[in-house]
Amino acid sequence: MPAPTYTSGVSMDWSNFALVALMSALGLIFLQFLTWVWSQRAGKLSVADSVWGAGFVVVGLMSLLFGSGDGQRRLLLFVLVALWGLRLSWHIYVRSRDKGEDPRYAELYGDMDPKAAALRVFGFQGLLQFGVSLPLQGSAAAGATTGFGWVLLVLGIIAYAIGLTFEVVGDAQLKAYMKKKDANKSKVMDEGLWAWTRHPNYFGDACLWWGFFLIALSGSWALWWTLVGPAIMTFLLRNGSGAKTLEKSMKERPGYREYMKRTAYFFLVLRRNNLQDRQGTRARSLLVPALVRLRPSGLGLRGPRRR
């Protein structure tokens, strides 16, 4: 591996960044090709969802192996992205392995030529993975974290930890809710993190990618432009195929429109009225049975006549 040639003042080896970007692109192309083969055998395009997180792990690995920047930060980012990406891919795979084609894919690509549909699905996904992962690629060619960069690094790790917590806990709470689906079929999931935002897992996803950006920025201010990565991810999750698409069907469920009025859409908002309503409901659930037990008829006395 040739010694890095950093540009004065910005701690970046741009030739190495080009190498990391090239290897990341080749890795993603190979992964999407394998996913296309898998889709042919499975008979559904939606297997693409199962490799969404895994694609970023590929980029993290290429950045670790071919980067010439700070080795400790390259290893840190690889571990963090692998922990998130592999968990997400496994979660989606387990959730969808026994199901047929996702209705979203059937609606968008059902009438298209199979080859054209595959190119749009897998080609576009690879392109998005490349763009979103720019902070990982840039950090791999950046110098050591120094000075104020340590503050950015710590803030990035905190943002990542908050995001991963929201995603993991949100998914776990939803899974527990779905196991009680028969009992909850007329109820909207509005407990735990779902009382703070209607999409805690998507919010967490966006949050941790801004964490990746801060960690990358800690190596060089020249990487400010890689904010395009988390910006793309946030847009996709909030306005693209994430929350916005999901709510098109969810808002028709009984009680969901009321849930929309009292709970933040995407970004975390602790609304006082929402919390007060929930606390009031809980208080009434405890108070009413107590009053029933203490009503006059329960004491052997005749109470006032009620209409």
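Visitor: What share of the 307 residues in the protein is buried?
Guide: Buried residues make up 43% of them. Buried means under 20% relative accessible area, exposed means over 50%, and partly exposed lies in between, with a 1.4 Å probe and protein chains only. The model is predicted: local features need pLDDT of at least 70, side-chain atom pairs count only at pLDDT 80 or more, and totals for chains, interfaces and linings use all residues. Residues are numbered from 1 along each chain as its sequence is written, and side-chain values use heavy atoms, with hydrogens and water left out.

Visitor: Why is Gln125 called buried?
Guide: Its relative accessible area is 8%, and the limit for buried is under 20%, so Gln125 counts as buried. Gln125 sits in helix α5. Leaving out residues up to four places away in sequence, Gln125 touches Gln32, Ala48, Asp49, Val51, Trp52 and Arg120, where contact means heavy atoms within 4.5 Å.

Visitor: Is Ser139 buried or exposed, and what makes it so?
Guide: Ser139 has a relative accessibility of 1%, so it counts as buried. Ser139 belongs to helix α6 (residues 134–139). Beyond residues up to four places away in sequence, Ser139 touches Arg73, Leu77, Ala216 and Leu223.

Visitor: Why is Gly100 called exposed?
Guide: Its relative accessible area is 52%, and exposed means over 50%, so Gly100 counts as exposed. Gly100 lies in the loop between α3 and α4 (103–109). With residues up to four places away in sequence not counted, Gly100 touches Lys44 and Ser46. Gly100 and Gly43 are 57 residues apart in sequence, with 8.3 Å from C-alpha to C-alpha.

Visitor: How many helices and strands does the protein have?
Guide: There are 13 helices and 0 strands. Helices (H or I, at least four residues) and strands (E, at least two) are DSSP runs, numbered from the N terminus.

Visitor: What makes the arrangement of α3 and α7 roughly parallel?
Guide: α3 and helix α7 (residues 149–179) pack at about 10°, with axes 12 Å apart. Axes are lines fitted to C-alpha atoms, for helices over the stretch in contact, and angles run from 0 to 180 degrees between N-to-C directions. Angles under 35 degrees count as roughly parallel, over 145 as roughly antiparallel, 65 to 115 as roughly perpendicular and the rest as oblique. α3 and α7 are therefore roughly parallel. Their contact has 10 nonpolar, 1 polar and 4 charged residues. Ala, Val, Leu, Ile, Met, Phe, Trp, Tyr, Cys and Pro count as nonpolar, Asp, Glu, Lys and Arg as charged, and the others, Gly among them, as polar.

Visitor: Why is α5 called oblique to α10?
Guide: Helix α5 (residues 114–132) and helix α10 (residues 228–239) pack at about 130°, with axes 7 Å apart. That angle makes α5 oblique to α10. Leu128, Gly131 and Val132 in α5 meet Gly229, Pro230, Ile232, Met233 and Leu236 in α10.

Visitor: How many cavities of 30 Å³ or more does the structure hold?
Guide: The structure holds 1. A cavity is a set of points, on a 1 Å grid over the protein atoms alone, where a 1.4 Å probe fits but cannot get out; lining residues have an atom within 4 Å of a point. The largest cavity has a volume of about 50 Å³, where grid points are joined across faces, edges and corners and the volume is the space filled by probe spheres set on the points.

Visitor: Which residues line the largest cavity?
Guide: The lining consists of Gly60, Ser63, Leu64, Arg74, Leu77, Phe78, Leu136 and Ala140. α2 (52–66) and α3 (71–96) each supply at least two lining residues.

Terms used
On a 1 Å grid over the protein atoms alone, a cavity is a set of points where a 1.4 Å probe fits but cannot get out, and a pocket is an open set with protein on both sides within 12 Å along at least five of seven lines; lining residues have an atom within 4 Å of a point.
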